Amino acid sequence: MRFLSILLLFLSLQVVKSQNQFVPDDTPYKTALETAKLQNKPLFVMLYADWCPHCNQMKKEVFSDPNVMAFLKENYVCAWKNIEKEEGITLKDKYNTKSLPTFLFIDPNTETLLYALKGEMKTPEFMTEVKYSLNSRMQLPYLEKEFLNDPSNSTKFFAYLNTLKKGKDRTDLSIPTHIYLNTQSDEQLVSETNWRIIANGVTDIKSREFQYVLKHQKEFAAVASQNRVDRKVESIVTELLRPYVDNLDTINYYKQREVAKSIKLQKTDSLVFKFDLTLAERTEKWQFYKKVTLDDTQKLVWNDASFLKDIGQTYLKHISDTESLKKSIFWVKHSLELNDSYDGNLLLARLYNKIKDKKLALQYAKDAKEICTEMTWSTKEVDTLLAELNTK
């Protein structure tokens with residue numbers, strides 16, 4: 001009897017769970033499109049992936065809400081497409097989707113994008129946006145037309161830009177941004193309004209507007225702030241180089257690296273340096289890694305103790321010539337001057353051990369153990385090294 005009660009409780013919990021768990025149907029896109037035409041409704045499409053935590057959270061919290069689903073079904077024909085399956089791949093490419101989840105609101109007669117959203121949202125925010133998408137004067141085609149009819153009007157441009165960026169990445173904002181900025185003289189660029197536009201929409205490092213910012217940083221700092229100008233310079237270099245590093249595209253990375261280096265500012269040189277090392281590690285180009293660090297470590301990351309130790313760890317694992325290892329020892333010693341640490345001392349002990357300097361290896365291993373003991377941490381790792389050193 002007790003077993004039967006437990007079994008019934010388990011089954012009832014499973015029923016409740018299944019009732020509260022949103023499961024997307026697999027209506028073919030063309031079918032949904034034709035249905036939307038017949039019902040004279042826009043088409044709503046969610047693009048998702050099973051591995052995407054934000055997609056799963058939206059399914060769990062937002063689309064499991066019966067009020068949300070009732071509103072969607074009343075006002076749209078809905079389709080849910082996995083971007084790792086055929087129709088999802090096609091839609092992702094067609095609408096240039098780069099973020100997940102993405103929500104597309106489509107005119108079924110022309111397949112024009114009326115509205116788009118990206119990212120995880122809470123139910124109230126999502127429902128507000130979904131209602132906006134039904135208002136023709138808040139849809140992208142209307143806002144784009146209004147802007148293009150008066151491209152120098154910053155109010156109309158911002159209305160279009162702010163709606164566009166709800167569903168698109170920054171690079172997709174570049175074309176309308178430059179249409180607006182082409183109506184502005186160089187002198188007009190230096191204003192709070194135009195700075196906001198440059199900060200949000202300019203992604204081309206070679207563009208007239210960004211090059212003007214580089215040459216007139218003090219003037220832009222006066223209408224924004226130096227910190228905001230610095231962040232824009234750093235973000236545009238990051239946006240230029242990161243995709244090539246992520247895709248291990250060394251050919252195009254090295255081409256664009258020269259463009260970034262042409263800025264000739266220490267903050268951008270430091271970014272390029274870090275991207276260089278990341279790409280070298282991912283492609284296991286240890287000679288390039290060594291060259292970059294020997295050339296620029298002291299110039300670009302000399303006051304970053306953590307980064308100096310990271311470089312030392314890489315040398316320990318992948319660099320073998322003694323002179324270069326001695327240089328890495330010099331860098332790690334400086335990291336200890338900035339911040340004496342257990343891991344820094346242990347790293348120095350291992351580096352000295354690698355160049356067969358047992359005396360100094362023992363010294364730094366003992367220093368590491370002393371710190372470890374004071375902090376009541378486990379000494380197992382350093383004890384292993386000390387045992388190895390004492391048997392040599």
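**Close-up views of a predicted model**

**View 1. Glu323 is exposed, with a relative accessible area of 59%.** Exposed means over 50% relative accessible area, buried under 20%, and partly exposed in between (1.4 Å probe, protein chains only). Glu323 sits in helix H19 (residues 322–338). Helices (H or I, at least four residues) and strands (E, at least two) are DSSP runs, numbered from the N terminus. From C-alpha to C-alpha, Glu323 lies 57 Å from Thr183, and the two are 140 residues apart in sequence. This is a predicted model: local features need pLDDT of at least 70, side-chain atom pairs count only at pLDDT 80 or more, and totals for chains, interfaces and linings use all residues. Residues are numbered from 1 along each chain as its sequence is written, and side-chain values use heavy atoms, leaving out hydrogens and water.

**View 2. Strand S3 (residues 102–107) is largely enclosed by the rest of the structure, because five of its six residues are buried.** S3 pairs with strand S1 (residues 43–48) in the antiparallel sense, over five bridges. Strands pair if DSSP finds at least two bridges between them. Ile106 in S3 is the bridge partner of Leu43. S3 also runs antiparallel to strand S4 (residues 112–118), joined by six bridges. Here Leu104 has Ala116 of S4 as its bridge partner. Four residues separate S3 and S4 in a hairpin, and Glu111 in the turn has a positive phi of about 60°.

**View 3. Helix H14 (residues 226–246) and helix H15 (residues 250–261) cross at roughly 165°, their axes coming within 9 Å.** Axes are lines fitted to C-alpha atoms, for helices over the stretch in contact; angles run from 0 to 180 degrees between N-to-C directions. H14 and H15 are therefore roughly antiparallel. Angles over 145 degrees count as roughly antiparallel, under 35 as roughly parallel, 65 to 115 as roughly perpendicular, and the rest as oblique. The contact (heavy atoms within 4.5 Å) includes Val237, Leu240 and Tyr244 of H14 and Tyr253, Gln256 and Arg257 of H15. Its residues divide into eight nonpolar, two polar and one charged. Ala, Val, Leu, Ile, Met, Phe, Trp, Tyr, Cys and Pro count as nonpolar, Asp, Glu, Lys and Arg as charged, and the others, Gly among them, as polar.

**View 4. Helix H16 (residues 266–283) packs against helix H17 (residues 286–300) at about 155°, with axes 10 Å apart.** That makes H16 roughly antiparallel to H17. Among the residues that meet are Phe273, Asp276 and Leu277 in H16 and Tyr289, Val292 and Lys299 in H17. The contact of H16 with H17 holds eight nonpolar, four polar and five charged residues.
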